[in-house]
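Biologist: Can you put the model up? I have some questions about it.

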Amino acid sequence: MKSFYLTTAIDYVNGSPHLGHVYEKVLGDVIARSRRMMGADVYFLTGTDEHGQKIQQSARAKAVPTQEFVDSIAQEFVALTKLLNLSNDDFIRTTESRHKQVVCDLLQKLYDKGEIYRAEYQGFYSTRQEQFLQKKDRLSSGHWPETFGDVTEITESNYFFKLGNYQDWLIKHIEMHEDFVFPAHSRKLLLEFLSEPLNDLCISRPCERLEWGIPLPFDENYVTYVWFDALTNYYSAVAGKGRWPADCHIIGKDILAPPHGIYWPIILQACELEVPRTLLVHGWWSINGAKMSKSTGNYVDPVDFCSKWSVDSMRYFLIREMVIGQDSDFSMEQFLKRYNGELANDLGNLVNRTLNMTQRYAGGVVPLADSDEDPEKTIRALWVQTCDEVMKLIENFQFHTVLEKIFFFVKAINRYAELRAPWKLAKDTSSKGQALLCTSLATTAEALRLAATLLWPVMPTVADKIRACLGQPALARWESELNWTNRLDGVKLTSVEILFPKTQPVPVPWKSFQPTWPRMQIQRCCANFWSSVSCLRVKPVVRG
């Protein structure tokens, strides 16, 4: 089997998981599950980034030992992997000894090669981003962008990595490997960043300023810069396992340049290691059209949301809603539109009608198809087309369109059932009528099996439930599972709970308000609204 090594960014343990973390992990899991189904030997890594000045400051503010602080937050991210039903093979923490040793080995190798030198630095430093700043980082007004937070001017001696020596090599590598950065506009942005000369990278912090880090192997008075430490996790997790290089790093657009798109490939090249094959760059989520912010109350609590709406519903919405590389918005109104329409009406209704009709008209046993006319040929042809298109879309990371194609097929199955109308055929006692009844039930059941099988990487729990009620075993590989067959002939179907209980659309008080409404009706509308969005930590907005 072809090896496929996949990573997400490791999450900084300076705060609890949020929607951005959830999306990236789910996206990684969908890719991992899809590749496994296609026959690849997948290794899926995620983890936490646990060193740095911000973490040291947060621990001190809480008056707890730093290791105890990172342990508590790291466990929240470990719990998130279980909540989201991730299939990750490993979870790495940068405070683990296996990681620290590899970081030290790479640093020592670069130092011995003369790629690292000591020099005095005088300039500006951003504590929030834990990086030294250049003149080009400043706004034309003379102010620093808000993302840098408090910026101070410092003078100190540090160790530097000769980053600039590799700029021409990196530009040529990006130009020669179009698939190195996906999507294309992110690749263009990276090349634009490289149009300016690169400064050498400071890879140390003095212990008198920062204690919480990996000591430099050649000078214990310094610790390793957090980005050199964090980026190395992708390699340290599989060092000696024959997995390197990574086939795909999934990252947010905010950490493409310079960390993943510049620092990381140059560090690897200098260490004589292969660079990752693809950086998959996704966009940002907003909440209700505004910037996601826990401090302002505009955020999604992943645990509460999954508890109320199910993990698979959240997985589906996130993958369906965001085009990789573009930003997207999370709103309860749009979620319920997808949930009630595509999940409840289309898929949920198809499952219920398939089981109910088979029970009512065939004693719960899938009959043998006994005719083959245009409606059956049409649905089978659509399946072949859907399957072929989906495989190509998966290869190109177009998962939002994958779901669009699958649910177009689901809708087509429902239309087929309406066309054949088994409830009418059951009243036709002629041999032709009964043959068409058996055919319609068998065709609907087999089409449902195929749709659920293809949907499995995105909604594994729901797909497993559907396959189980169709008498099908757990999936290992797609292989022949995606071929239209008669494997359900004679299979006894079992019942399944309602997969997606329908809910009322969210009433928006300020849109629904009419001056002539009684006060009680207005209050009830508002109460229903805030009850429906209890999983969204949104502060009430008072409209006149």
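Biologist: Is Arg35 buried or exposed?

Modeller: Arg35 counts as buried, at 10% relative accessibility. Buried means under 20% relative accessible area, exposed over 50%, and partly exposed in between, with a 1.4 Å probe and protein chains only. This is a predicted model, where local features need pLDDT of at least 70, side-chain atom pairs count only at pLDDT 80 or more, and totals for chains, interfaces and linings use all residues. Residues are numbered from 1 along each chain as its sequence is written, and side-chain values use heavy atoms, leaving out hydrogens and water.

Biologist: Which side chain does Arg35 meet in a salt bridge?

Modeller: That of Glu395, at 3.4 Å from N to O. A salt bridge here is a side-chain nitrogen of Lys or Arg within 4 Å of a carboxyl oxygen of Asp or Glu.

Biologist: What parts does that pair tie together?

Modeller: Arg35 is in helix 1 (residues 19–37) and Glu395 in helix 13 (residues 374–395), so the pair links parts 360 residues apart in sequence. Helices (H or I, at least four residues) and strands (E, at least two) are DSSP runs, numbered from the N terminus. Glu395 is partly exposed, with a relative accessible area of 40%.

Biologist: What about Glu50, which side chain does it meet?

Modeller: Glu50 forms a salt bridge with Arg93, 2.5 Å from N to O. Glu50 sits in the loop between strand 3 (41–49) and helix 2 (53–61), and Arg93 in strand 4 (residues 90–93), so parts 43 residues apart in sequence are tied together. Both Glu50 and Arg93 are buried.

Biologist: And Glu418, what is its partner?

Modeller: Arg353, with the closest N and O atoms 2.6 Å apart. Glu418 belongs to helix 14 (residues 399–420) and Arg353 to helix 12 (residues 332–362), so this pair ties together parts that are 65 residues apart in sequence. Glu418 is partly exposed at 47% relative accessible area, whereas Arg353 is buried at 13%.

Biologist: How many salt bridges in the whole structure?

Modeller: The search finds 30.

Biologist: Changing topic, how many helices and strands are there?

Modeller: The protein has 19 helices and 19 strands. Of its 544 residues, 56% count as buried.

Biologist: What box do the C-alpha atoms fill?

Modeller: Roughly 95 × 65 × 40 Å, taken along the principal axes.
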